[in-house]
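This report sets out selected features of a structural model, section by section. Please consult the sequence and the structure alongside the text.

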Amino acid sequence: MSTTQSRLTGSANDPRIKARYRKEKRFKAYTIAALFTAFAIIVAFFTDIISQGYTAFWRAEVNVTLDYNERAERIGRFALAEDMRDIASRGAVRSIPLEIKNNPELAGTTRQTWVPAYSRIDQYLKGREELPPELARQVDAMVEAGTIRSSFNWAFFTSGDSKLPELAGIFSAAVGSVLVLFVTLVFAFPIGVMSAIYLEEFAPDNKLTQAIEVNINNLAAVPSIIFGLLGLAVFIGTFGVPRSSALVGGLTLGLMTLPIIIISTRAALRAVPDPIRLGAFAMGCSRWQVVRDHVLPLSLPGILTGTIIGLAQAMGETAPLIIVGMIAYIPDAPSSIFESATVLPAQVFTWASEPRKAFVEKTAAGIIVLLAILLTLNATAVFLRRKFERRW
Amino acid sequence: MGIGLTTLLLLAALAPLGFLAYRLGRGKALSAMAAGISMHSRPQQYGWYSVVWMGLPALGVAIAAGLLSLFGVISPARELVLIVSLAIALLGLAQGLRAIRPEVRARNALDGVIRWLLLSAALISIVTTVAIVLSILFEAMRFFREVSVWEFVTGTVWSPGDTFLEAAGRGDEVGENTSFFGSVPLFAGTFMVTAIAMATALPIGLLSAIFMSEYASHRQRGFAKPILEILAGIPTVVYGFFAAITVTPIIVDIAAFFGLDASYSNILSPGIVMGIMIIPFISSLSDDVINSIPQSLRQGAYALGTTKSETIQKVILPAALPGVISAFLLGVSRALGETMIVVMAAGVRPNLTWNPLEDMTTVTVSIVYSLTGDLAFDSPQTLSAFALGLVLFIVTLSLNLVSTYLVRRFKQKYD
């Protein structure tokens, strides 16, 4: 009798109800587990990248005596004492013959200075690579004596790419990124905002408008590499834009960013309530006056937010830029949009394909810088939205 | 004179002319109004009206000349184009000023011009799509002139390598028929990596979305959603590095622990990392869809005494299915076109296998490898990239269309 009753009243002691509640708890646990898996992945990801890359912001430097002797006039390495030649960077003394040539009084003098250490020494001191025991003892002794020090790696931010890991930096890639983004912005922003204004404020609801809308939504989902093929075939093949230049990269990314800007601008325009338009019309404004004087100023924060997000996406893009040739070795920063250039993510890609171990650290450090910039951009966008968003 | 310099000179000459036109047009309207004549529009609008008369025909002529010479119809000297456009600008200026009369509706004319300008900007997106289709189609046709479609679709050997020797003028060192363009192994690799990615992304993404929309409090949701979105903002080249440097060695170690032999460019690692990349797409789309299911469905189910999970499994998910499928399809289309992760972490050897621990290559990897380096622009290897790109474009486009269709149907049902 008691079981029947409990079934009828649905008592919590009923084993079937208990089973259902257990099932309920299990299912909820699954969903929480899924979310925490995703969080764990994010934490693991950032820990991994940062732990691999943070050491690149410091580098080992050696105190050496540069001897501007006769042999050093031809080969810079000979300016170093013999036991320093495996410790100091080859790249640091490469320019000595030129220095002597430009400044002949230097010949015969000596000078004490700090130069970057050879990348293997640097990696040894960071505990990432082994050295032959004899060399390791020498380096340890020099660290004791204070003739090897670790200092902040400014060169990573001020120099371009190099075949020597200890001298390689992100400067030229950063300049390339700025140039490419500039072209992207100049190309995509006006056209994107104009298209959005047309579609949202002017367009009649006809077949052409619908075709444009479907088109823009589809363009936003085309794989980025396809835009690279387009850039290669149309900009380089047909229009003859120089390969690897910031111009072709910027135009290609511009086509890619265009739908993003259009979609977010339309959303921003749509958020402006109709009474504002109607009020302006009632005062006798023409459609363009309504848009220019009333709708655009109100939707500007939204438009800027969308543009920043689009640019951030363009900045992290690599695949289409590889297709248009922007992975060249660029030691010196480009000075115009027509010169060969590379961008930060492409620099990360080139370093990642270097077999030498010292470049792993550089790659991760490049990634840290890239992620920091992208996070700042996105945070700015969120801040703008929070600050200027108006609920009507 | 270069084309850049010509454009610059033209714009430099038109700018002061435009300023002049604006001042003169406005001045004429102002003086007319001072004389007591009632004008239809505001004085600035007459200023802009004469600017349009001055600039539009001149720019039109310059652009037309540029297009004509680009497509090789006629190529007039750039100096000539410059002089003619400037002459037209001056004529236009005179005409514009002459046309300013009280009954001229400058404001309406301006609105018309602006409308056309905006429309032409909107048409650029159509032009882009057409350009993608035409350029890729054109290059792909050149490829299919040399390689039969049948071989491309059904062949199981992809080895374009020897055409490199032909391009270098050493074709006679290569035997007959040594380059094969059978794309099946490439598509098998793409399929494999997509399947692994979706197997990773779908459960995590969908279950997270269910938690966020059904279980989480407002605060938890406001915290979890932006964190998941971080994953969407990470550049793919970073994911590629993560896959190659961190995930691949872990997989090789785990495989070795179970006595299995995994390749250092196994397809499992890029697949999993690609799945991580796709999680936010699945979760935010599913979240939207689940949220837009009317509350009455839930309340109806609760009234029948179901638990929350039963409501989700038996009522919410079936109702949200079209939306979830569309999120899934969008994820698939992302995975198919994803390039950097596979370029950095997957193999380059076309390999037809079911074993995810072996190295495989994908369509996007072969596109990248056939277009980097110093290859001749018209060698079959270079052109093969466009054929592969064409297939990729068609497949992703169809997936997107199906996905938008499903979402629209879903929205119509519940809105």
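## A buried loop residue in chain A

S244(A) counts as buried, since its relative accessibility is 9%; buried denotes under 20% relative accessible area, exposed over 50%, and partly exposed in between, with a 1.4 Å probe and protein chains only. S244(A) belongs to the loop between α9 (224–238) and α10 (246–270) of chain A. Helices (H or I, at least four residues) and strands (E, at least two) are DSSP runs, numbered from the N terminus. The phi angle of S244(A) is near 70°, a positive value in a residue other than glycine.

## Basis of the model

The model is predicted: local features need pLDDT of at least 70, side-chain atom pairs count only at pLDDT 80 or more, and totals for chains, interfaces and linings use all residues. Residues are numbered from 1 along each chain as its sequence is written, chains are lettered from A and ligands numbered from 1 in the order in which they are written, and side-chain values use heavy atoms, with hydrogens and water left out.

## Domains and separations

The domain assignment divides chain A into domain 1 (2–54), domain 2 (57–160) and domain 3 (171–388); such bounds come from an automatic or database domain assignment. Between domain 1 of chain A and domain 2 of chain A, the C-alpha centres are 59 Å apart. Chain B has domain 1 (3–121) and domain 2 (180–414), and their C-alpha centres lie 51 Å apart.

Two residue pairs illustrate separations within chain B. T7(B), in helix α1 (residues 3–34) of chain B, is partly exposed at 41% relative accessibility. Its C-alpha atom is separated by 65 Å from that of K314(B), 307 residues apart along the chain. L401(B) lies in helix α15 (residues 380–414) of chain B and is partly exposed at 41% relative accessibility. The C-alpha atoms of L401(B) and S296(B), 105 residues apart along the chain, are 30 Å from each other.

## Salt bridges

Over all chains, the structure holds 19 salt bridges, each defined as a side-chain nitrogen of Lys or Arg within 4 Å of a carboxyl oxygen of Asp or Glu. R20(A) and E310(B) form one of them, with 2.8 Å between the closest N and O atoms. This pair joins two chains, because R20(A) lies in helix α2 of chain A and E310(B) in helix α12 of chain B. R20(A) is partly exposed at 31% relative accessibility, whereas E310(B) is buried at 15% relative accessible area.

Within chain A, E361(A) forms a salt bridge with K126(A), the closest N and O atoms being 3.2 Å apart. This pair links distant parts of the chain, 235 residues apart: E361(A) is in helix α15 (residues 358–388) of chain A, and K126(A) is in the loop between α4 (119–125) and α5 (133–145) of chain A. E361(A) is buried at 2% relative accessibility, while K126(A) is partly exposed at 22%. Both residues belong to a network of salt bridges that links D122(A), K126(A), R128(A) and E361(A). In another salt bridge, D274(A) meets R277(A) at 2.9 Å, N to O. D274(A) and R277(A) are separated by about one helical turn because they are three residues apart in helix α11 (residues 274–282) of chain A. D274(A) is partly exposed at 46% relative accessibility, and R277(A) is buried at 11% relative accessible area.

## Surface patches

Patches are made of residues with over 30% relative accessible area and no salt bridge; like charges are joined within 9 Å, and nonpolar side chains (Val, Leu, Ile, Met, Phe, Trp, Tyr) within 5 Å. Accessible areas come from the Shrake-Rupley method with a 1.4 Å probe, and for residues only the protein chains shown count as cover. K314(B) is located in helix α12 (residues 308–337) of chain B and is exposed at 61% relative accessibility.

A nonpolar surface patch consists of F239(A), L11(B), L59(B), I63(B), L67(B), L68(B), L70(B), F71(B), V73(B) and I74(B), with about 930 Å² of accessible area together. Helix α2 (residues 43–70) of chain B gives the most to the nonpolar patch, with five residues. L68(B) has its place in helix α2 of chain B and is partly exposed, with a relative accessible area of 35%.
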